[in-house]
Amino acid sequence: MERIGVLKERADRRVVVLSPAGVVRLAGKAELFVQRDAGRAAGFTNEAYEQAGAQVLDHEADVMTNANILLSYDHHYTGDPLAADRTFIGFFNFLGAPKRLPDYLNNGVTAYSLDLMPRTTLAQAMDVLSSVASISGYQAVLLAAERSLATVPMITSAGGTLRPANFLIMGAGVAGLQAIATARRLGAVVKAYDVRSASKEEVESLGAEFIEVEGAVNDHSAGGYAVEQPEVFLERVRERIHQEAKLADVIITTARIPGKMAPLLITEEMVMDMKPGAVIVDLAAASGGNCAVTQPDRTVMRNEVTILGPTSIECSCAHSTSFLLSNNYSTFIEHYLAHRERATEDEILRSTLVIQNGELVNERVRALATTTH
Ligand code: NAD
(Lines give C-alpha, C1' and ligand atoms only; values in the text may rest on other atoms or scores of the structure.)
Protein backbone atom coordinates (compact mmCIF):
# COMPACT_ATOMS: atom_id res chain seq x y z
CA MET A 1 0.00 0.00 0.00
CA GLU A 2 1.16 3.55 -0.72
CA ARG A 3 2.42 5.67 2.17
CA ILE A 4 1.30 9.29 1.98
CA GLY A 5 2.81 11.99 4.20
CA VAL A 6 1.43 15.46 4.89
CA LEU A 7 4.09 18.10 5.63
CA LYS A 8 3.67 21.10 7.90
CA GLU A 9 3.96 24.40 6.06
CA ARG A 10 6.10 27.33 7.23
CA ALA A 11 4.40 29.37 9.95
CA ASP A 12 3.05 32.19 7.74
CA ARG A 13 1.35 29.80 5.29
CA ARG A 14 -1.06 28.35 7.91
CA VAL A 15 -2.85 26.03 5.45
CA VAL A 16 -2.71 22.24 5.22
CA VAL A 17 -3.37 20.32 2.02
CA LEU A 18 -5.19 17.36 3.57
CA SER A 19 -7.86 17.76 6.24
CA PRO A 20 -9.03 14.93 8.52
CA ALA A 21 -11.91 14.40 6.04
CA GLY A 22 -9.29 14.00 3.29
CA VAL A 23 -7.54 11.37 5.43
CA VAL A 24 -10.81 9.44 5.77
CA ARG A 25 -11.32 9.66 2.00
CA LEU A 26 -7.86 8.24 1.20
CA ALA A 27 -7.63 5.77 4.10
CA GLY A 28 -8.53 2.66 2.08
CA LYS A 29 -5.98 3.50 -0.60
CA ALA A 30 -2.93 4.47 1.44
CA GLU A 31 -1.36 4.60 4.87
CA LEU A 32 -1.34 8.21 6.05
CA PHE A 33 1.26 10.11 8.07
CA VAL A 34 0.76 13.68 9.21
CA GLN A 35 3.44 15.91 10.68
CA ARG A 36 2.47 17.06 14.17
CA ASP A 37 0.59 20.39 14.14
CA ALA A 38 0.42 20.41 10.32
CA GLY A 39 -3.27 21.37 10.51
CA ARG A 40 -3.27 23.34 13.71
CA ALA A 41 -3.18 26.87 12.22
CA ALA A 42 -6.04 25.85 9.91
CA GLY A 43 -8.19 24.59 12.79
CA PHE A 44 -7.53 20.83 12.47
CA THR A 45 -6.16 19.20 15.62
CA ASN A 46 -3.67 16.33 15.81
CA GLU A 47 -6.39 14.30 17.57
CA ALA A 48 -8.76 14.85 14.64
CA TYR A 49 -6.13 13.42 12.27
CA GLU A 50 -5.58 10.43 14.54
CA GLN A 51 -9.32 9.78 14.79
CA ALA A 52 -9.50 9.95 10.98
CA GLY A 53 -6.91 7.16 10.78
CA ALA A 54 -3.58 8.95 10.26
CA GLN A 55 -0.41 8.50 12.28
CA VAL A 56 0.82 11.81 13.65
CA LEU A 57 4.64 12.03 13.59
CA ASP A 58 6.71 14.59 15.47
CA HIS A 59 9.21 15.76 12.87
CA GLU A 60 9.39 16.45 9.16
CA ALA A 61 12.21 13.92 8.84
CA ASP A 62 9.92 11.21 10.31
CA VAL A 63 7.29 11.94 7.65
CA MET A 64 9.96 11.93 4.91
CA THR A 65 11.23 8.55 6.09
CA ASN A 66 7.84 6.86 6.49
CA ALA A 67 6.06 8.13 3.40
CA ASN A 68 6.93 7.76 -0.28
CA ILE A 69 4.38 10.34 -1.50
CA LEU A 70 4.81 13.74 0.18
CA LEU A 71 2.07 16.36 0.08
CA SER A 72 2.58 20.04 0.68
CA TYR A 73 1.38 23.45 -0.46
CA ASP A 74 4.39 25.77 -0.47
CA HIS A 75 6.94 23.56 1.21
CA HIS A 76 10.43 23.99 -0.21
CA TYR A 77 12.41 20.74 -0.41
CA THR A 78 16.07 21.50 0.15
CA GLY A 79 17.62 18.17 -0.71
CA ASP A 80 17.53 15.72 2.19
CA PRO A 81 19.13 12.60 0.62
CA LEU A 82 16.59 10.44 2.50
CA ALA A 83 13.92 11.57 0.11
CA ALA A 84 15.67 10.54 -3.12
CA ASP A 85 13.03 8.05 -4.30
CA ARG A 86 10.11 10.15 -3.16
CA THR A 87 7.26 11.71 -5.09
CA PHE A 88 6.39 15.26 -4.09
CA ILE A 89 2.93 16.63 -4.85
CA GLY A 90 2.54 20.35 -4.23
CA PHE A 91 1.91 23.83 -5.52
CA PHE A 92 5.52 24.57 -6.39
CA ASN A 93 4.98 27.38 -8.92
CA PHE A 94 8.13 26.43 -10.85
CA LEU A 95 7.03 28.80 -13.64
CA GLY A 96 7.03 31.75 -11.25
CA ALA A 97 9.93 30.57 -9.08
CA PRO A 98 12.29 28.55 -11.34
CA LYS A 99 15.13 28.95 -8.79
CA ARG A 100 13.49 26.14 -6.84
CA LEU A 101 14.11 23.64 -9.61
CA PRO A 102 17.71 22.61 -8.84
CA ASP A 103 16.82 21.55 -5.30
CA TYR A 104 14.38 19.01 -6.70
CA LEU A 105 16.39 18.05 -9.78
CA ASN A 106 19.61 17.26 -7.97
CA ASN A 107 18.15 14.53 -5.81
CA GLY A 108 16.45 12.14 -8.16
CA VAL A 109 12.96 12.85 -6.84
CA THR A 110 9.69 13.04 -8.76
CA ALA A 111 7.55 16.18 -8.45
CA TYR A 112 4.01 17.02 -9.57
CA SER A 113 3.06 20.69 -9.36
CA LEU A 114 -0.68 21.29 -9.22
CA ASP A 115 -0.48 24.90 -10.42
CA LEU A 116 0.09 23.38 -13.89
CA MET A 117 -3.32 21.64 -13.88
CA PRO A 118 -5.00 21.85 -17.31
CA ARG A 119 -8.26 23.85 -17.36
CA THR A 120 -10.40 20.87 -18.52
CA THR A 121 -13.74 19.66 -17.22
CA LEU A 122 -12.20 16.49 -15.75
CA ALA A 123 -9.50 18.50 -13.96
CA GLN A 124 -11.90 21.01 -12.44
CA ALA A 125 -12.17 19.23 -9.07
CA MET A 126 -8.35 19.24 -8.81
CA ASP A 127 -7.91 22.89 -9.79
CA VAL A 128 -5.93 24.33 -6.90
CA LEU A 129 -5.38 27.61 -8.80
CA SER A 130 -9.14 28.22 -8.86
CA SER A 131 -9.52 27.43 -5.15
CA VAL A 132 -6.73 29.85 -4.25
CA ALA A 133 -8.00 32.53 -6.64
CA SER A 134 -11.57 32.35 -5.28
CA ILE A 135 -10.47 32.82 -1.69
CA SER A 136 -7.98 35.53 -2.69
CA GLY A 137 -10.62 37.56 -4.52
CA TYR A 138 -12.95 37.38 -1.53
CA GLN A 139 -10.25 38.16 1.00
CA ALA A 140 -8.89 41.11 -1.05
CA VAL A 141 -12.27 42.85 -0.78
CA LEU A 142 -12.36 42.37 3.00
CA LEU A 143 -8.78 43.65 3.31
CA ALA A 144 -9.57 46.71 1.20
CA ALA A 145 -12.77 47.40 3.15
CA GLU A 146 -10.87 47.17 6.40
CA ARG A 147 -8.07 49.52 5.24
CA SER A 148 -10.35 52.03 3.52
CA LEU A 149 -11.23 55.24 5.32
CA ALA A 150 -14.81 54.96 3.99
CA THR A 151 -17.57 52.40 4.58
CA VAL A 152 -18.57 50.18 1.65
CA PRO A 153 -22.41 50.17 1.59
CA MET A 154 -24.71 53.14 1.54
CA ILE A 155 -25.59 53.86 5.16
CA THR A 156 -28.29 56.28 6.20
CA SER A 157 -28.37 57.43 9.78
CA ALA A 158 -29.40 60.49 11.78
CA GLY A 159 -25.98 61.97 11.04
CA GLY A 160 -26.48 61.82 7.29
CA THR A 161 -26.18 59.45 4.36
CA LEU A 162 -22.92 57.73 3.43
CA ARG A 163 -22.69 56.98 -0.29
CA PRO A 164 -21.66 53.47 -1.40
CA ALA A 165 -17.98 52.94 -2.21
CA ASN A 166 -16.77 52.71 -5.82
CA PHE A 167 -14.77 49.55 -6.51
CA LEU A 168 -12.73 48.99 -9.66
CA ILE A 169 -11.68 45.40 -10.37
CA MET A 170 -8.93 44.83 -12.93
CA GLY A 171 -8.95 41.30 -14.36
CA ALA A 172 -12.18 39.31 -14.24
CA GLY A 173 -10.94 35.72 -14.01
CA VAL A 174 -11.65 33.53 -10.99
CA ALA A 175 -10.24 35.98 -8.40
CA GLY A 176 -11.70 39.06 -10.07
CA LEU A 177 -15.20 37.59 -10.37
CA GLN A 178 -15.14 36.54 -6.72
CA ALA A 179 -13.98 40.05 -5.79
CA ILE A 180 -16.85 41.55 -7.79
CA ALA A 181 -19.40 39.24 -6.12
CA THR A 182 -18.04 40.00 -2.64
CA ALA A 183 -17.90 43.77 -3.19
CA ARG A 184 -21.46 43.73 -4.55
CA ARG A 185 -22.66 41.76 -1.50
CA LEU A 186 -21.09 44.42 0.72
CA GLY A 187 -23.02 47.08 -1.20
CA ALA A 188 -20.30 48.62 -3.40
CA VAL A 189 -20.82 50.08 -6.86
CA VAL A 190 -18.50 47.96 -8.99
CA LYS A 191 -16.83 48.43 -12.38
CA ALA A 192 -14.51 45.86 -13.91
CA TYR A 193 -12.15 45.46 -16.83
CA ASP A 194 -10.61 42.40 -18.47
CA VAL A 195 -8.70 42.00 -21.67
CA ARG A 196 -10.82 38.91 -22.52
CA SER A 197 -14.08 40.22 -23.95
CA ALA A 198 -15.65 36.84 -22.99
CA SER A 199 -15.66 38.00 -19.37
CA LYS A 200 -18.08 40.90 -20.10
CA GLU A 201 -21.17 38.73 -19.69
CA GLU A 202 -19.89 37.24 -16.40
CA VAL A 203 -19.07 40.70 -15.02
CA GLU A 204 -22.52 42.01 -15.93
CA SER A 205 -24.28 38.94 -14.52
CA LEU A 206 -22.78 39.85 -11.13
CA GLY A 207 -24.26 43.35 -11.30
CA ALA A 208 -21.05 45.20 -12.22
CA GLU A 209 -20.37 47.50 -15.16
CA PHE A 210 -17.88 46.23 -17.75
CA ILE A 211 -15.34 48.77 -19.01
CA GLU A 212 -14.73 48.29 -22.74
CA VAL A 213 -11.38 48.94 -24.43
CA GLU A 214 -11.27 47.85 -28.07
CA GLY A 215 -8.35 46.14 -29.78
CA ALA A 216 -7.12 43.40 -27.39
CA VAL A 217 -5.21 40.44 -28.82
CA ASN A 218 -7.06 37.18 -28.10
CA ASP A 219 -5.50 33.79 -28.70
CA HIS A 220 -7.92 30.86 -28.62
CA SER A 221 -5.05 28.38 -28.37
CA ALA A 222 -4.15 29.80 -24.93
CA GLY A 223 -6.75 27.51 -23.24
CA GLY A 224 -9.02 30.32 -21.95
CA TYR A 225 -6.11 32.36 -20.61
CA ALA A 226 -5.22 35.90 -21.66
CA VAL A 227 -2.04 36.47 -23.66
CA GLU A 228 0.50 39.28 -23.49
CA GLN A 229 -0.74 42.50 -25.10
CA PRO A 230 1.29 44.95 -27.18
CA GLU A 231 2.50 48.01 -25.25
CA VAL A 232 0.49 50.35 -27.45
CA PHE A 233 -2.74 48.57 -26.42
CA LEU A 234 -1.79 48.53 -22.73
CA GLU A 235 -1.19 52.30 -22.98
CA ARG A 236 -4.75 52.73 -24.30
CA VAL A 237 -6.07 50.65 -21.38
CA ARG A 238 -4.14 52.77 -18.88
CA GLU A 239 -5.51 55.99 -20.42
CA ARG A 240 -9.07 54.69 -20.05
CA ILE A 241 -8.51 53.29 -16.55
CA HIS A 242 -6.85 56.56 -15.43
CA GLN A 243 -10.27 58.25 -15.58
CA GLU A 244 -11.89 55.43 -13.57
CA ALA A 245 -9.08 55.39 -11.00
CA LYS A 246 -9.83 59.02 -10.07
CA LEU A 247 -13.35 57.97 -9.03
CA ALA A 248 -12.43 54.73 -7.22
CA ASP A 249 -12.34 54.25 -3.46
CA VAL A 250 -10.84 50.78 -3.95
CA ILE A 251 -8.98 49.15 -6.83
CA ILE A 252 -8.36 45.40 -6.76
CA THR A 253 -6.04 44.12 -9.48
CA THR A 254 -5.90 40.44 -10.43
CA ALA A 255 -4.52 40.50 -14.01
CA ARG A 256 -2.02 37.77 -14.76
CA ILE A 257 -0.62 35.81 -17.67
CA PRO A 258 0.67 32.32 -16.82
CA GLY A 259 4.47 32.12 -16.76
CA LYS A 260 4.92 35.84 -17.60
CA MET A 261 5.27 39.09 -15.68
CA ALA A 262 1.91 40.62 -14.78
CA PRO A 263 0.82 43.49 -17.08
CA LEU A 264 1.30 47.03 -15.75
CA LEU A 265 -2.18 48.56 -15.53
CA ILE A 266 -1.89 51.22 -12.80
CA THR A 267 0.99 53.70 -13.11
CA GLU A 268 2.39 55.85 -10.30
CA GLU A 269 0.82 58.89 -11.98
CA MET A 270 -2.59 57.20 -11.74
CA VAL A 271 -2.02 56.47 -8.05
CA MET A 272 -1.13 60.14 -7.46
CA ASP A 273 -4.45 61.14 -9.06
CA MET A 274 -6.54 58.86 -6.81
CA LYS A 275 -8.58 60.15 -3.89
CA PRO A 276 -6.77 60.45 -0.56
CA GLY A 277 -7.79 57.46 1.57
CA ALA A 278 -8.24 55.16 -1.44
CA VAL A 279 -6.87 51.60 -1.31
CA ILE A 280 -5.28 49.37 -3.95
CA VAL A 281 -4.96 45.62 -3.34
CA ASP A 282 -2.64 44.14 -5.96
CA LEU A 283 -3.14 40.37 -6.15
CA ALA A 284 -0.55 40.12 -8.93
CA ALA A 285 2.22 41.25 -6.55
CA ALA A 286 4.01 37.88 -6.68
CA SER A 287 4.49 38.15 -10.44
CA GLY A 288 5.64 41.78 -10.57
CA GLY A 289 2.34 43.51 -9.76
CA ASN A 290 -0.29 45.30 -11.86
CA CYS A 291 0.51 48.56 -10.09
CA ALA A 292 3.89 50.29 -10.53
CA VAL A 293 4.09 51.15 -6.82
CA THR A 294 3.35 47.67 -5.42
CA GLN A 295 5.91 45.94 -3.24
CA PRO A 296 5.25 42.26 -2.44
CA ASP A 297 3.95 41.75 1.11
CA ARG A 298 4.48 45.43 1.99
CA THR A 299 2.16 48.34 2.62
CA VAL A 300 3.15 51.37 0.53
CA MET A 301 1.63 54.86 0.99
CA ARG A 302 1.59 57.37 -1.90
CA ASN A 303 -0.29 60.63 -1.60
CA GLU A 304 -2.52 59.12 1.15
CA VAL A 305 -3.36 56.13 -1.08
CA THR A 306 -2.60 52.73 0.50
CA ILE A 307 -1.15 50.06 -1.84
CA LEU A 308 -1.09 46.48 -0.56
CA GLY A 309 0.64 43.60 -2.34
CA PRO A 310 -0.24 40.40 -0.47
CA THR A 311 1.31 37.29 -2.05
CA SER A 312 -0.41 34.63 0.05
CA ILE A 313 -3.69 36.24 1.04
CA GLU A 314 -5.49 32.88 0.71
CA CYS A 315 -3.67 31.75 3.87
CA SER A 316 -5.58 34.24 6.02
CA CYS A 317 -8.75 32.11 5.78
CA ALA A 318 -6.69 29.01 6.41
CA HIS A 319 -9.59 26.73 7.35
CA SER A 320 -11.67 27.43 4.24
CA THR A 321 -8.64 27.37 1.93
CA SER A 322 -7.51 24.05 3.46
CA PHE A 323 -11.00 22.61 2.97
CA LEU A 324 -10.83 23.39 -0.76
CA LEU A 325 -7.18 22.28 -1.08
CA SER A 326 -7.98 18.99 0.65
CA ASN A 327 -10.73 18.23 -1.87
CA ASN A 328 -8.44 19.22 -4.79
CA TYR A 329 -5.50 17.14 -3.51
CA SER A 330 -7.63 14.09 -2.61
CA THR A 331 -9.16 14.05 -6.09
CA PHE A 332 -5.71 14.42 -7.68
CA ILE A 333 -4.25 11.60 -5.58
CA GLU A 334 -7.09 9.25 -6.50
CA HIS A 335 -6.47 10.12 -10.16
CA TYR A 336 -2.70 9.70 -9.74
CA LEU A 337 -3.04 6.29 -8.09
CA ALA A 338 -5.35 5.08 -10.86
CA HIS A 339 -3.32 6.40 -13.84
CA ARG A 340 0.33 6.81 -12.84
CA GLU A 341 1.50 3.73 -14.75
CA ARG A 342 0.60 5.62 -17.94
CA ALA A 343 1.46 9.12 -16.72
CA THR A 344 2.68 10.30 -20.12
CA GLU A 345 -0.63 9.36 -21.80
CA ASP A 346 -2.83 11.06 -19.22
CA GLU A 347 -3.35 14.81 -19.79
CA ILE A 348 -3.67 15.68 -16.10
CA LEU A 349 -0.57 13.78 -15.01
CA ARG A 350 1.47 14.80 -18.05
CA SER A 351 0.67 18.48 -17.50
CA THR A 352 1.49 18.49 -13.79
CA LEU A 353 4.52 16.16 -13.82
CA VAL A 354 7.57 18.45 -13.73
CA ILE A 355 10.39 16.18 -12.56
CA GLN A 356 10.59 12.41 -13.03
CA ASN A 357 13.36 10.65 -11.13
CA GLY A 358 15.47 13.79 -11.15
CA GLU A 359 14.86 14.66 -14.80
CA LEU A 360 13.01 17.81 -15.91
CA VAL A 361 10.25 16.45 -18.16
CA ASN A 362 7.67 19.25 -18.28
CA GLU A 363 7.73 21.17 -21.58
CA ARG A 364 6.34 24.44 -20.17
CA VAL A 365 8.80 24.51 -17.27
CA ARG A 366 11.68 23.38 -19.53
CA ALA A 367 10.94 26.21 -21.98
CA LEU A 368 11.03 28.74 -19.14
CA ALA A 369 14.16 27.21 -17.56
CA THR A 370 15.92 27.45 -20.94
CA THR A 371 15.01 31.12 -21.42
CA THR A 372 15.94 32.15 -17.87
CA HIS A 373 19.37 30.44 -17.79
P1 NAD B 1 -5.41 34.29 -14.42
O2 NAD B 1 -5.23 34.22 -12.94
O3 NAD B 1 -4.34 33.77 -15.30
O4 NAD B 1 -5.63 35.85 -14.80
C5 NAD B 1 -6.62 36.62 -14.15
C6 NAD B 1 -7.34 37.48 -15.15
O7 NAD B 1 -6.46 38.50 -15.64
C8 NAD B 1 -7.85 36.74 -16.40
O9 NAD B 1 -9.25 36.89 -16.49
C10 NAD B 1 -7.13 37.43 -17.55
O11 NAD B 1 -7.93 37.53 -18.71
C12 NAD B 1 -6.86 38.81 -16.95
N13 NAD B 1 -5.84 39.60 -17.66
C14 NAD B 1 -4.66 39.20 -18.19
N15 NAD B 1 -4.03 40.24 -18.77
C16 NAD B 1 -4.82 41.34 -18.59
C17 NAD B 1 -4.72 42.72 -18.95
N18 NAD B 1 -3.68 43.18 -19.64
N19 NAD B 1 -5.72 43.54 -18.59
C20 NAD B 1 -6.79 43.08 -17.90
N21 NAD B 1 -6.95 41.80 -17.53
C22 NAD B 1 -5.98 40.93 -17.87
O23 NAD B 1 -6.78 33.67 -14.90
P24 NAD B 1 -7.81 32.70 -14.13
O25 NAD B 1 -8.57 33.49 -13.15
O26 NAD B 1 -7.08 31.52 -13.66
O27 NAD B 1 -8.81 32.30 -15.30
C28 NAD B 1 -8.44 32.30 -16.67
C29 NAD B 1 -9.59 31.70 -17.49
O30 NAD B 1 -9.68 30.30 -17.25
C31 NAD B 1 -10.96 32.27 -17.22
O32 NAD B 1 -11.65 32.31 -18.44
C33 NAD B 1 -11.59 31.25 -16.32
O34 NAD B 1 -12.99 31.30 -16.36
C35 NAD B 1 -11.04 30.00 -16.92
N36 NAD B 1 -11.06 28.86 -15.99
C37 NAD B 1 -11.46 27.65 -16.48
C38 NAD B 1 -11.49 26.55 -15.63
C39 NAD B 1 -11.91 25.21 -16.12
O40 NAD B 1 -12.52 25.12 -17.15
N41 NAD B 1 -11.60 24.15 -15.41
C42 NAD B 1 -11.08 26.69 -14.30
C43 NAD B 1 -10.64 27.94 -13.85
C44 NAD B 1 -10.63 29.02 -14.73
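Let's start with an open sheet of eight strands, ordered 3-2-1-4-5-6-16-17 and mixed in its pairing. Strands here are DSSP E runs of at least two residues, helices are H or I runs of at least four, and both are numbered from the N terminus; two strands pair if DSSP finds at least two bridges between them. At the edges sit strand 3 (55-57) and strand 17 (359-360), each pairing on one side only. Further in, strand 6 (residues 110-113) and strand 16 (residues 353-356) are antiparallel partners joined by two bridges, with Ala111 standing opposite Ile355 in strand 16. Helix 10 (residues 318-339) packs on this sheet and touches strand 1 (2-6), strand 4 (69-71), strand 5 (87-90) and strand 6, its direction making about 145 degrees with that of strand 5. Contact means heavy atoms within 4.5 Å, and angles run from 0 to 180 degrees between N-to-C directions of lines fitted to C-alpha atoms, for helices over the stretch in contact.

A word on what you're looking at: this is a predicted model, where local features need pLDDT of at least 70, side-chain atom pairs count only at pLDDT 80 or more, and totals for chains, interfaces and linings use all residues. Residues are numbered from 1 along each chain as its sequence is written, and side-chain values use heavy atoms, leaving out hydrogens and water.

Now for the other sheet: it is open, has seven strands in the order 11-10-9-12-13-15-14, and its pairing is mixed. Its edge strands, strand 11 (209-210) and strand 14 (299-302), each pair on one side only. Strand 12 (residues 250-253) runs parallel to strand 13 (residues 279-282), with four bridges between them, and Ile251 faces Ile280 in strand 13. Helix 5 (residues 128-147) lies across strands 9 (166-170), 12, 13, 14 and 15 (305-308), at about 155 degrees to strand 13.

Finally, the ligand. It is surrounded by 23 residues, the closest being Arg119, Val174, Asp194, Arg196 and Arg256; a residue counts if one of its heavy atoms lies within 4 Å. Polar side-chain atoms of Asp194 and Arg196 each lie 2.7 Å from a ligand oxygen. The protein covers 87% of the 840 Å² of accessible area that the ligand has on its own (Shrake-Rupley method, 1.4 Å probe).

How values were computed:
Polar contact = N/O pair within 3.5 Å; in protein donor to acceptor, adjacent residues only side chain to side chain.
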